[in-house]
Each structure stands twice: as structure tokens, then as C-alpha cells.
Amino acid sequence: MQRMGKMNLTDAERDKLLTATRSRTARVADVRRAKLILMLEEGQSRDTIMQRLECDSRFISRWSSRFLSERLAGMYARHPGRAPKQPPAKLEARVLNYTLRRKPSDGSTHWSSYKLSAELGDVSVSAVQRIWRKHNVRAQRLDRHMVSNDPDFETKAADVIGLYLNPPAHAVVFCVDEKTAIQALDRKDRMLPLSPGRAESHGFEYKRNGTLSLFAALNTATGQVLGKTAARHTSEQFVAFLTDIVASQCQRQEIHVICDNVSSHKSQRVRDFLVRHGNVRMHFTPTYSSWLNQVENWFSRIERDVITRGVFTSVKDLGRKLMRYIREHNKNPKPIKWKYDDP
């Protein structure tokens with residue numbers, strides 16, 4: 001076996017080459033050349049280098065001679081390549097016309113870059129991707145929206161947003177709603193815990209142990225949450241929860257309650273409650289616009305943190321874990337920062 005001569009590396013050159021071999025962002029070609037020089041410095045044979053780097057003798061000769069003559073400055077290719085050819089305007093228009101106005105002939109609901117390239121025949125996948133990227137077209141994405149049919153949408157929305165941005169002085173604002181039919185699900189098979197290289201795993205089969213409703217009132221100024229669990233979400237339970245909200249505040253404190261339009265929030269019981277408590281005012285979000293209620297944001301958190309992956313042996317166990325989460329949340333509450341951008 002023929003052994004190569006050493007490259008007489010300085011400490012700085014060695015550190016630079018070692019850094020390149022350990023980098024996760026460096027180009028593969030640059031890492032390969034750095035490994036070559038280090039292996040030559042170690043005195044490894046040509047056959048060993050060719051086998052480990054999967055290269056030929058010309059590769060070794062070219063880059064070893066270039067390093068000896070130019071050192072680290074010679075380790076970069078003289079011809080890094082050319083920029084991708086930009087598609088002409090007619091081709092862009094053709095790709096966009098197919099993407100936006102036609103459907104795939106195989107019955108698919110949307111295009112992929114590969115399907116569109118095959119459909120057009122004379123356009124590469126990369127060209128389709130560049131055109132989509134240039135015009136911010138994302139055929140693979142799907143967003144959802146809900147259009148409110150409330151004739152008083154603007155008035156109701158302005159009322160709610162005004163409470164967020166400029167609440168009345170010496171008043172407290174609560175966002176109130178109930179998360180209904182939370183299932184107390186227990187798993188039939190034991191859980192496999194999280195471990196290196198393996199995600200936490202729950203058994204596919206589950207056991208239903210009943211349902212529970214959670215009433216919550218989010219204080220928009222402090223971020224604190226008042227919570228209460230109930231077996232059902234009737235108007236009577238809602239009025240009882242409103243009574244708890246009033247009891248949690250100073251006597252005669254002005255209270256504004258933001259909630260949605262479900263029937264249990266507008267029943268005769270609720271109207272009688274408002275007559276008895278003149279300091280409480282109800283503000284209803286527009287139809288199909290519960291996203292205006294900040295407590296929905298908090299519900300998404302408790303869904304993600306407790307409910308989705310929770311294992312509950314009974315309804316009592318579910319209620320206990322929900323209330324524990326609320327108590328821990330209230331130890332360090334943070335209000336939701338509401339910002340309105342006029343389009």
C-alpha cells in the first residue's frame with residue numbers, strides 16, 4: 001500500500017478542518033475535502049482513503065495538491081454552479097392558471113408540484129416549486145373560516161373589542177363560557193412512558209367513565225380564571241356560576257360578562273338574575289363569532305395540557321385534575337394581550 005505524505009497542518013488549520021467535519025450545515029463537498037486533508041495528515045493509505053471517502057485517485061491528487069499550494073483558501077470549488085434559470089412570464093402564467101383554475105385529472109382535490117409537473121409535461125418539478133414560492137401559492141395548505149350571518153355583527157364586535165381595549169373604569173370584565181361534554185376516558189392498556197428515542201404511547205382502546213362540563217370565567221385584566229365543574233350545562237347551572245362570579249368580587253362591583261349566544265345564556269332564569277343584580281351587564285358575541293371570546297383561547301390550553309392526553313379513572317378524577325390545573329394557572333396568571341389591526 002502506498003502511504004501519502006503529511007500535510008504539515010498548523011493548529012489553526014487543523015481546528016478549521018475539524019470544525020468543518022463536525023458541522024451540520026456545511027456543504028457535503030466541503031466536509032469531504034476536509035476529511036481528506038485530515039486523513040492525509042494522519043498518514044493513511046491511498047486505498048483506505050478511497051474506500052472510506054468513496055473517491056478515486058484523481059480526487060485525492062487534485063485536492064491534496066491544491067491544499068499544498070494554497071492551503072485552506074484552495075479548498076473551495078472554482079465553479080460553485082449557476083443560479084436556477086428563472087421561468088419566463090408565459091410559463092409562470094400557465095402554471096398559475098392550472099394551479100388556481102383547474103383540478104388534477106386523477107380526481108384529487110388539489111395539486112402537488114409533482115402532479116402538476118406531470119400534467120404539464122414540459123415543466124420540471126423545481127420550476128413549479130419556484131413559481132409557487134415566488135407568488136406565495138400553497139396548494140397543499142387548507143385554512144378554514146366561519147362567516148357570521150349576524151346583522152348586528154359590527155355593533156356587537158365593537159362592543160366586545162371595546163371592553164378588551166378600553167374597559168370601563170372601576171369595573172371588572174369576565175369572558176365566560178362552558179366547555180361541555182368533556183369525556184373521562186381511561187385506557188384499557190397500560191401507558192408506555194416517554195423515553196429516549198420513543199414518544200409516550202397510549203393504548204388505542206379506551207373506556208368511557210362519563211362526561212363533565214367545565215364553566216370558566218377569565219378575568220381579562222389579570223388573566224385569573226374562576227372555574228366550576230358540573231354534570232350538565234343547563235341554564236340553572238349557568239346562573240349558579242354567575243352567582244359565584246358576583247360573590248368573588250366586592251359588593252356592588254360593576255361586572256361585565258362576555259359570552260356567546262347559546263339559549264342557556266338568554267333564558268328567563270338569566271334575565272331574572274340580571275334584574276336582581278343590577279351591577280352585572282351581559283355582552284354577547286355575534287353569531288358564529290365565539291373566537292371573540294378570550295376564554296376560548298384558555299379552553300384550547302386546558303384541552304392541550306390536560307384533556308387530550310389525560311387518563312381519567314372517573315368523572316371525579318377528571319374534575320379534580322381540571323380544578324388542579326386552574327389553581328396552578330392562577331398562581332402565575334397572565335392576561336391575554338389583545339391587539340386589533342384595522343385591515
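Beyond its neighbours within four places in sequence, Leu322 is in contact with Ile182, Leu212, Thr229, Ile302, Val306 and Ile307. Please keep in mind that this is a predicted model.

Leu322 also belongs to the largest nonpolar core, which has 27 residues; Leu322, Trp298 and Ile302 are the ones that touch the most other members. Two or more residues of this core come from each of H8 (153-165), S1, S2, H11 and H12 (315-331). The largest share is that of helix H11, with six residues. In soluble globular proteins, nonpolar side chains tend to be buried together.

Now to the sheet. Its five strands make an open arrangement with mixed pairing, in the order S3-S2-S1-S4-S5. Strands S3 and S5 are at the edges with a single partner strand each, so one side of each has no neighbour in the sheet. From one strand to the next, the twist averages 25°.

Here are the strands with their residue ranges:

| Strand | Residues |
|---|---|
| S1 | 171-187 |
| S2 | 206-219 |
| S3 | 225-230 |
| S4 | 254-259 |
| S5 | 280-284 |

Strands S1 and S4 run parallel and are joined by five bridges; in one of these strands, S4, Glu254 is the bridge partner of Ala171. Helix H11 (residues 295-307) packs on the sheet, where H11 touches S1, S2 and S3. The direction of H11 makes about 25° with that of S1.

Notes:
Residues numbered from 1 in each chain as written. Predicted model: local features only at pLDDT ≥ 70, side-chain atom pairs only at ≥ 80, totals over all residues. Heavy atoms only, no water. Pairing = 2+ DSSP bridges. Helix = DSSP H or I, 4+ residues; strand = E, 2+ residues; numbered from the N terminus. Axes fitted to C-alpha atoms, helices over the stretch in contact; angles between N-to-C directions. Contact = heavy atoms within 4.5 Å. Core = buried A, V, L, I, M, F, W, Y, C linked by side-chain atoms within 4.5 Å. Buried < 20%, exposed > 50% of the residue type's maximum accessible area, 1.4 Å probe, protein only.
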